[in-house]
Amino acid sequence: MFSVVTKYHKGRHSLFLYNSEIFYAFTQDILRSHTFVKVRPGSVFSECNDVIVPASGETAEDIARASHVCISGAVLGGDLNIIKPKINIIDSSFLALCISNGQQNKELIKRAQGKSIVHLHNSDLKQVVLKYPSKRNQSMIARIFDKTDNLIAANEQVPKLVIKIVKNFLANSLHLN
């Protein structure tokens with residue numbers, strides 16, 4: 001169904017994705033990275049439709065999540081498992097959703113090993129069973145979640161904008177008197 005490549009452990013390297021992108025972005029799809037580093041020999045570069053899963057973290061719940069990489073050419077590093085799904089069969093966004101939220105998430109939490117630092121290995125990912133609908137339905141499900149995430153993000157901005165408008169209005173009204 002999909003293949004898993006060896007995780008990348010080399011130091012900080014142009015456009016860079018690493019496990020904290022997943023921890024702090026909390027997004028299904030990674031559209032860009034804000035980190036730039038020097039490319040070194042042996043760097044592993046993203047391909048559009050890769051799915052990345054942290055290989056280590058503080059808790060099993062922290063690392064049993066995934067993101068779909070929507071950009072090619074970003075250096076991948078910082079203890080990541082990289083999944084390269086067969087895109088004619090599996091929608092990468094759908095796979096990331098399943099790993100982060102579905103039965104696969106529960107399976108990965110059980111498979112995570114360690115006490116102070118928890119690890120997920122490529123072999124753990126290979127053992128996870130994924131039941132999936134047609135590619136068309138996978139894409140529709142992923143789009144629904146993406147649109148819902150975008151609506152939530154937009155609505156989270158409304159209170160901030162209202163506060164800003166009120167503050168500006170109050171500041172301007174004080175200057176008018």
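Predicted model: local features only at pLDDT ≥ 70, side-chain atom pairs only at ≥ 80, totals over all residues.
Over which residues does the pLDDT stay under 50, with 26 contacts beyond four places in sequence in the model? The stretch is residues 19-24. The mean pLDDT of the protein is 78. A score of at least 70 is reached by 77% of the residues. Among the elements, α3 has the highest mean pLDDT, at 92. Strand β1, covering residues 2-8, has the lowest, at 38. Residues 1-16 have a pLDDT below 50.

Nonpolar side chains form separate cores. The largest core contains 20 residues. Val51, Val53, Ile83, Leu95, Ile99 and Leu108 have the most contacts inside it. Three elements each supply at least two residues of this core: β5 (50-54), α2 (60-63) and α3 (92-101). Helix α3 gives the most, with five residues. Another core lies apart from the largest one and has eight residues. Among them are Ile30, Ile71, Ala74 and Leu76. In soluble globular proteins, nonpolar side chains tend to be buried together.

Leu108 illustrates the contacts of a core residue. With residues up to four places away in sequence left out, Leu108 touches Ala64, Ile99, Leu120, Asp124, Leu125 and Val128. Of these partners, Ile99 is also listed among the core residues with the most contacts.

Gly57 belongs to strand β6, residues 56-57. Gly57 is buried because its relative accessible area, 11%, is under the 20% cut-off. His119 is 62 residues from Gly57 in sequence, yet the two C-alpha atoms are 6.7 Å apart. The second pair involves helix α5. Ser123 lies in this helix, which spans residues 122-127. The relative accessibility of Ser123 is 41%, so Ser123 counts as partly exposed. Between the C-alpha atoms of Ser123 and Arg111 the separation is 9.8 Å. Along the chain, these residues are 12 apart.

The surface also carries nonpolar side chains. Val158, Val162, Val166, Phe169 and Leu170 form a nonpolar patch there. Together these residues have about 450 Å² of accessible area. Val158 is part of helix α6, which runs over residues 135-176. Val158 has 41% relative accessibility and therefore counts as partly exposed.

Conventions: Residues numbered from 1 in each chain as written. Heavy atoms only, no water. Patch = residues over 30% accessible without salt bridge, like charges linked within 9 Å, V, L, I, M, F, W, Y side chains within 5 Å. Areas by Shrake-Rupley, 256 points an atom, 1.4 Å probe, with all protein chains shown as cover. Salt bridge = Lys/Arg side-chain N within 4 Å of Asp/Glu carboxyl O. Helix = DSSP H or I, 4+ residues; strand = E, 2+ residues; numbered from the N terminus. Buried < 20%, exposed > 50% of the residue type's maximum accessible area, 1.4 Å probe, protein only. Core = buried A, V, L, I, M, F, W, Y, C linked by side-chain atoms within 4.5 Å. Contact = heavy atoms within 4.5 Å. pLDDT = per-residue confidence, 0-100.
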